[in-house]
Amino acid sequence: SEQWLQQLNATCNRLSTQYLSLLRAASSVSALEEGRHDPRAGGTLMKTASDPPPPPLAADVALSSLQCLTATDNILVACNQILTLIRTLRLSLLLMDHDTMHAEECLQVELSRQRADQTLREIARLEPQLLELVQQEENETTTTTTNDN
């Protein structure tokens with residue numbers, strides 16, 4: 001189950017990263033950034049729809065198009081992996097018998113209790129220290145106020 005969870009996390013991270021790449025590639029931000037235009041590239045104007053785009057614009061469009069295609073392919077692969085992981089989980093749940101499921105639930109409950117007990121012990125250990133620090137601060141404030149008068 002630990003390996004399954006790691007695969008799920010890696011796939012979700014990949015999916016979100018590729019979605020972000022797709023959004024970046026689909027936006028026109030790169031065309032609007034300062035300093036992206038090379039004057040040697042010949043920044044001609046498009047006066048009609050039949051005029052070819054200037055080289056910098058054509059290069060940005062080609063790059064964005066390629067990035068969009070790559071990101072969508074990666075998103076499809078990540079979605080496919082997530083579906084495979086979901087199928088694996090469903091199959092493992094179907095194959096589990098009642099006793100195994102009950103034992104796993106009991107184990108999770110026991111682990112939760114252990115974490116709660118550990119947290120309570122840590123709180124009991126830190127609380128006196130916190131109270132001592134608060135008391136010291138109050139004493140220092142009282143001493144400072146008395147000295148100012």
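The model is predicted: local features need pLDDT of at least 70 and side-chain atom pairs count only at pLDDT 80 or more, whereas totals for chains, interfaces and linings use all residues. Residues are numbered from 1 along each chain as its sequence is written, and side-chain values use heavy atoms, with hydrogens and water left out.

Asparagine 74 belongs to helix α3, residues 55-95; helices (H or I, at least four residues) and strands (E, at least two) are DSSP runs numbered from the N terminus. When neighbours within four places in sequence are set aside, Arg14 and Gln18 are in contact with asparagine 74 (heavy atoms within 4.5 Å).

The structure contains 2 salt bridges, the criterion being a side-chain nitrogen of Lys or Arg within 4 Å of a carboxyl oxygen of Asp or Glu. One of them joins glutamate 110 to arginine 113, with the closest N and O atoms 4.0 Å apart. Both residues lie in helix α4 (residues 98-148), 3 residues apart, about one turn of the helix. Glutamate 122 and arginine 125 form a salt bridge with an N to O distance of 2.5 Å; these residues are separated by about one helical turn because they stand 3 residues apart in helix α4.

Relative accessibility was computed for three of these residues. Glutamate 110, at 37%, counts as partly exposed, a class lying between buried (under 20% relative accessible area) and exposed (over 50%), with a 1.4 Å probe and protein chains only. Glutamate 122 is likewise partly exposed at 36%, and arginine 125 is partly exposed at 45%.

The largest pocket has a volume of about 310 Å³. A pocket is an open set of points on a 1 Å grid over the protein atoms alone, where a 1.4 Å probe fits, with protein on both sides within 12 Å along at least five of seven lines; lining residues have an atom within 4 Å of a point. The lining includes Ser1, Trp4, Leu89, Met96 and Glu104. Two or more lining residues are given by each of α1 (2-26), α3 and α4, and α3 supplies the largest share, 4 residues. The lining comprises 6 nonpolar, 3 polar and 3 charged residues.

Note on methods: Points joined across faces, edges and corners; volume = space filled by probe spheres on them. Nonpolar A, V, L, I, M, F, W, Y, C, P; charged D, E, K, R; others polar.
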